[in-house]
Amino acid sequence: MNLIDRTIVVTGVSSGIGAETARLLRFHGAHVIGVDRNEPSLTLDGFVQADLSHPESIDAAVQCLPSRIDGLCNVAGVPGTAGVELVACVNYLGLRHLTQALLPRMPAGGSIVNVASVLGAEWPARLEQHKALAATASFAEGEAWLAGHPVDQQTCYQYFKEALIVWTLTQAQPWFLATSVRMNCVAPGPVFTPILGDFVTLVGEQRVAEDSRRMKRPAYADEIAPVIAWLCAEESRWINGVNLPVDGGLASTYL
Ligand SMILES: NC(=O)c1ccc[n+]([C@@H]2O[C@H](COP(=O)([O-])OP(=O)(O)OC[C@H]3O[C@@H](n4cnc5c(N)ncnc54)[C@H](O)[C@@H]3O)[C@@H](O)[C@H]2O)c1
């Protein structure tokens, strides 16, 4: 993987998949600037503390980030147990806001990687809704659209991961044609990180039991990070606008 001297921003850098991604990117020679609400416990080339659920906090963070950014890994996320509003703001609206703010700093060859989930796999069932939300231009417009189309607490995590996949798939090619910056999603299945327990609570014992028969085991963060890092690297330069499952085959069993 050629990542030497690429400057890459990683959100959610202080735990789980984000921390492992940052470690691997640095190992391959990238300069990694982390963004998280919590202090990181690993070596980085820079860190900006920010609450990615608020546009004002994101705007303040953007002021502190470098003027040239080659990669953006949007890894930060909260589980459904955090509540509909927070899930909407962190996992979707804030991610979009940060990405839109940083795109002008990304040169040709830049790459954006959004971390979705196997739980977003049912996006085709609600495609028109997700396209309508994707068409909203800003954080505030997205919030207003959601006020008129309320999302259920029980399914909010799935809903906003589906929305993230649809936004990525619909936005990637217009941006690539205009700027030569790529954007893709990675969709992990269950991963051993601090929020795995919340997902078990969210989907319920029955779904967990069903899924555990369909897969060998949950992943480790170091099985997701190489795929995110590779999507930032020159070697993947012709991959754009895809949602790549990294789930040990789990999504393939839903057909
Ligand atoms: N763990 C899994 O089973 C799993 C499966 C599929 C997808 N995912 C997704 O992977 C991503 C990473 O999750 P993880 O498992 O590493 O979880 P994690 O809890 O270990 O890490 C999430 C990170 O995001 C940060 N974060 C959360 N809210 C924030 C906010 N408002 N502002 C700034 N930072 C914030 C946290 O501080 C934390 O460092 C998430 O988007 C999650 O939805 C996880």
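The second largest pocket of this predicted model has a volume of about 340 Å³. A pocket here is an open set of points on a 1 Å grid over the protein atoms alone, with protein on both sides within 12 Å along at least five of seven lines. Its volume is the space filled by probe spheres set on the points, which are joined across faces, edges and corners. The second largest pocket is lined by 18 residues, and Leu119, Glu122, Gln158, Glu162 and Arg207 lie nearest its centre; a lining residue has an atom within 4 Å of a point. H6 and H7 are the elements that give two or more residues to this lining, and H7 provides the largest share, 6 residues. Helices (H or I, at least four residues) and strands (E, at least two) are DSSP runs, numbered from the N terminus. By class, the lining of the second largest pocket holds 8 nonpolar, 3 polar and 7 charged residues. In this scheme Ala, Val, Leu, Ile, Met, Phe, Trp, Tyr, Cys and Pro are nonpolar, Asp, Glu, Lys and Arg are charged, and the others, Gly among them, are polar.

Residues are numbered from 1 along each chain as its sequence is written, and side-chain values use heavy atoms, with hydrogens and water left out. Because the model is predicted, local features need pLDDT of at least 70 and side-chain atom pairs count only at pLDDT 80 or more, while totals for chains, interfaces and linings use all residues.

The largest pocket takes up about 940 Å³ of space. Its lining has 46 residues, with Gly77, Tyr157, Thr193, Ile195 and Phe199 nearest the centre. Helix H1 (16-27), H3, helix H6 (156-179) and helix H7 (196-214) each supply at least two residues of this lining, and the largest share, 8 residues, again comes from H7. The lining of the largest pocket divides into 27 nonpolar, 13 polar and 6 charged residues.

A cavity is a set of grid points where a 1.4 Å probe fits but cannot get out, and the whole structure has 1 cavity of 30 Å³ or more. The largest cavity has a volume of about 60 Å³. Thr11, Leu52, Asn74, Ala76, Val90, Gly94, Leu95 and Leu98 line this cavity, with helix H3 (residues 84-102) giving the largest share, 4 residues. The cavity lining has 5 nonpolar, 3 polar and no charged residues.

A ligand is also present, with 31 residues around it, of which Ser15, Asp36, Tyr157, Val191 and Thr193 come nearest; a residue counts as near if one of its heavy atoms lies within 4 Å. An oxygen atom of the ligand lies 2.8 Å from a backbone N or O atom of Ile17. For side-chain N or O atoms, the distance to a ligand oxygen atom is 2.6 Å at Asp36 and 3.2 Å at Arg37.

Two further residues complete the picture. Arg126 sits in the loop between strand E5 (111-115) and helix H4 (127-134). Arg126 is partly exposed because its relative accessibility is 26%, the class between buried (under 20%) and exposed (over 50%), found with a 1.4 Å probe on protein chains only. Leaving out residues up to four places away in sequence, Arg126 touches Tyr159 and Glu162, where contact means heavy atoms within 4.5 Å. Glu20 belongs to helix H1 and is buried, as its relative accessible area is 18%. Beyond its neighbours within four places in sequence, Glu20 is in contact with Ala221, Asp222 and Ala225.

Conventions
A polar contact is a pair of N or O atoms within 3.5 Å; within protein, one must be able to donate a hydrogen and the other to accept it, and residues adjacent in sequence count only if both atoms are side-chain atoms.
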